[in-house]
Amino acid sequence: MEKTFYITTTLPYVNADPHVGFAMEFIRADVVARYKSLQGYDVFFNTGTDEHGNKLYTEALKANLSPQAYVDGYAEKFRGLANLLNITPSVHFIRTTDEHHMKAAQVFWTKVYDNGYIYKKQYQTKYCTGCELEKTDSEVDENDCCLIHVGRKVEYINEENYFFAYSRLADKLQTFYDAHPTFVIPDFRYNEMKAFLKNGLHDFSISRVTEKMPWGVPVPGDESQVMYVWFDALVNYISTLGYPLLEDDFEKYWVRGTPVQYCGKDNTRQQSSMWQAMLIAADLPQSEHIVVNGFINSGGQKMSKSIGNVINPYDVVARFNGVAGELASDVLRYYLLRHMNSFEDSDMTNESLDDAYTANLCNGLGNLTSRVMKMVTNYEVEYLLPTDADLLEFNDAVPEDFHTKIDQFDLKAAMDDIWREVNSLDWLIQNKEPFKVAKTDIDEARRIVGDLAIRLYIIGFLLQPFMPKTAETIMGLVKEKKNPEKPLFNRRN
RNA sequence: GUCGAUGUAGCUCAGUUGGUUAGAGCGUAGCACUCAUAAAGCUAAGGUCGGAGGAUCGUUCCCUCCCAUCGACACCA
């Protein structure tokens with residue numbers, strides 16, 4: 001039976017331009033997807049956009065647009081990210097406003113309802129007459145006063161909502177956690193989830209009154225309610241696989257494909273607890289791993305428009321177009337993959353990006369390629385390259401633990417391995433001085449340079465999932481024994 | 001407040017089941033080479049390993065307390 005693999009990002013909520021934090025998540029998932037493809041897996045890679053809910057509804061009204069038109073505009077911006085970041089072209093892009101998804105969400109709801117995990121209950125919402133808005137618990141102080149209108153107590157409004165019987169799934173969730181010690185990665189996030197579960201689960205509301213907020217998936221059999229956006233959005237991870245159909249792609253990728261879900265740390269609970277409980281309630285198998293990313297700050301502060309430190313992925317790629325040409329997307333990929341911590345919060349600035357570019361791409365990888373290939377062409381060196389099959393195995397040509405690091409989603413550590421190899425090739429050239437040897441013993445020089453070329457090829461090979469275009473360029477040059485016509489990465493002025 | 005982390009060279013971080021001079025990359029200064037994108041290589045400067053106690057022959061690495069920073073503690077996609 002063929003090996004299958006499933007990986008998905010979270011679906012970003014489309015109330016703002018694509019954030020570099022999501023670009024990082026998207027790139028990481030892409031690296032794993034590409035890596036698994038190289039390993040011979042049949043890979044299903046999912047991403048998309050989350051497009052329902054109150055926030056988008058009110059924003060659309062403000063912009064004088066229909067909600068659909070409003071989210072259509074954003075969906076394109078997010079879809080464009082795939083091109084910008086050179087994401088593998090076979091990526092599936094699902095929108096929660098897709099007709100199939102909405103139907104799937106309704107079937108999912110019905111299944112959970114039939115299993116007895118959805119019930120109707122009076123729900124008390126908080127309403128600030130100053131803001132003329134409903135308030136959540138985090139938007140009021142301990143005396144139930146609005147944080148914006150200080151001292152003004154909110155009013156309580158009773159409405160009927162559907163609730164999800166989360167609390168009744170605690171035991172099953174606990175059993176699942178106990179049996180899967182690496183379910184959430186990294187483990188400190190898993191510990192948070194275990195503590196959360198231990199503190200006890202409360203049922204939560206999963207619908208809204210249509211009259212107030214119609215922008216959602218209608219609750220099956222009750223036109224007066226729409227699903228709360230969380231409930232509908234989470235179902236995308238399986239609706240993209242054809243759910244409610246349980247054969248074909250669903251069986252192939254969800255059941256057999258060890259589903260991996262990437263998310264940001266603000267999504268840990270939704271992915272690793274609530275969604276898993278929902279799956280149990282619908283009699284469906286759990287995810288295999290939830291991989292949680294940290295946030296990207298800039299200059300030690302959270303990115304925000306008012307501080308003016310927001311870094312837009314489109315701007316970054318545009319900025320490197322002039323010096324790196326079609327490899328510009330790889331510059332951003334390189335930086336986010338190697339210079340951001342694999343699991344914890346990281347800091348990104350244009351200065352550190354420029355430093356990393358100059359040090360490791362211009363002076364490192366790019367320069368190494370030039371110096372090796374120049375000698376290959378000058379001395380007319382011949383060599384035999386290893387096969388893909390050789391390189392996919394654990395062998396001497398591949399850094400120890402390289403594959404393990406990727407399997408554990410520590411992509412930064414794997415990148416560090418590759419650059420250790422770049423550095424050691426530079427050191428080798430300096431140490432063996434083939435350019436001097438060539439003057440007295442051309443055969444020996446060819447032997448040294450041939451070895452360098454093979455090792456450069458391996459660097460290109462290993463780099464494929466991380467920096468696809470750069471990898472392809474390097475492997476092509478070594479294969480064809482050609483000197484690059486121009487530097488891979490030009491220096492910035 | 002409760003629980004959990006983190007605090008190591010200018011910056012980003014690694015590290016030791018406790019044992020002679022604490023590591024890497026980037027940055028800085030000097031030397032030197034020419035295959036290469038004035039790149040690469042070598043050398044150097046720079047740290048009381050957050051603070052205070054304790055256990056130990058001995059700890060940055062164990063225990064206690066304190067300080068600082070951060071995260072989780074649910075209806076914020």
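Strand 7, residues 184–185, pairs with strand 13 in the parallel sense over 2 bridges. By pairing I mean that DSSP finds at least two bridges between two strands. Within this pair, Ile185 has Val291 of strand 13 as its bridge partner.

Please note that this is a predicted model: local features need pLDDT of at least 70, side-chain atom pairs count only at pLDDT 80 or more, and totals for chains, interfaces and linings use all residues. Residues are numbered from 1 along each chain as its sequence is written, while chains are lettered from A and ligands numbered from 1 in the order in which they are written.

From strand 12 the chain passes through helix 10, residues 268–281, to strand 13, a right-handed β-α-β crossover; that is, with the strands pointing away from the viewer, the path from the first strand over the helix to the second runs clockwise.

How is strand 13 placed, buried or exposed? Of its 5 residues, 289–293, 4 are buried, so the strand is largely enclosed by the rest of the structure. Buried means 20 or more other C-beta atoms within 10 Å of the residue's own, with C-beta atoms placed from the backbone.

Finally, the whole chain. Chain A contains 19 helices and 16 strands, taken as DSSP runs numbered from the N terminus (helices H or I, at least four residues; strands E, at least two). Of its 493 residues, 40% are buried.

Definitions and conventions:
Buried ≥ 20, exposed ≤ 12 C-beta atoms within 10 Å, placed from the backbone.
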